[in-house]
Amino acid sequence: MAVERTLSILKPDSVEKNHVGEIIAMLEAASLRPIAIKRTQLTRAMAEGFYAVHRERKFFGELVEFMTRGPVVLMVLEGENAIARYREIMGATDPAKAAEGTIRKKFAANIGENATHGSDAPETAKFEIGWFFAGCELP
Ligand code: CMP
């Protein structure tokens, strides 16, 4: 299996509720190594550009409001099959449908405030990592 990189966002709800450490511990336990981490406040432009594929969806405004309401933690995770593995550990987008033991089952309130984001494919991971991390910030 190939070693991959994926983009993780610990969303404002995770930061507000002090779940950052616990979530990172779950990732490390699953051999998903954070190789770059930063805590920042997204601007509207940063959030709108990141989620541009969802621009026409009816929840887009709500999503941007939520993602800009407080600081987030941005991470690049590295590991074997990292993209799919991280999505498995996050659980379904809607926490009501997420499996027991997943991050969203444990920490997410609803489909909008769902604790974390993870890239869904190699091309998306490349775009998303590049959106938030400069080459000089990555090993
Ligand atoms: P994420 O994995 O970050 O990718 C897009 C986000 O849009 C998703 O998590 C949810 O937070 C949000 N989202 C998806 N569907 C809905 C929905 N039906 N209502 C509100 N937010 C949604």
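The ligand is surrounded by K11, Y51, H54, F59, E62, L63, T93, R104, I111, G112, N114 and H117, each with a heavy atom within 4 Å of the ligand. The model is predicted: local features need pLDDT of at least 70, side-chain atom pairs count only at pLDDT 80 or more, and totals for chains, interfaces and linings use all residues. Residues are numbered from 1 along each chain as its sequence is written, and side-chain values use heavy atoms, without hydrogens and water.

By class, this shell holds four nonpolar, five polar and three charged residues. Here Ala, Val, Leu, Ile, Met, Phe, Trp, Tyr, Cys and Pro count as nonpolar, Asp, Glu, Lys and Arg as charged, and the others, Gly among them, as polar.

Oxygen atoms of the ligand come within reach of several residues. For K11, a polar side-chain atom lies 2.7 Å from a ligand oxygen atom. G112 uses its backbone: an N or O atom there lies 3.3 Å from an oxygen atom of the ligand. The protein covers 80% of the 460 Å² of accessible area that the ligand has on its own (Shrake-Rupley method, 1.4 Å probe).

The ligand sits in the largest pocket, with more than half of its atoms within 2 Å of the pocket's grid points. A pocket is an open set of points on a 1 Å grid over the protein atoms alone, where a 1.4 Å probe fits, with protein on both sides within 12 Å along at least five of seven lines; lining residues have an atom within 4 Å of a point. The volume of the largest pocket is about 660 Å³. Of its 27 lining residues, Y51, H54, F59, L63 and H117 are the closest to the centre.

Definitions and conventions:
Points joined across faces, edges and corners; volume = space filled by probe spheres on them. Polar contact = N/O pair within 3.5 Å; in protein donor to acceptor, adjacent residues only side chain to side chain.
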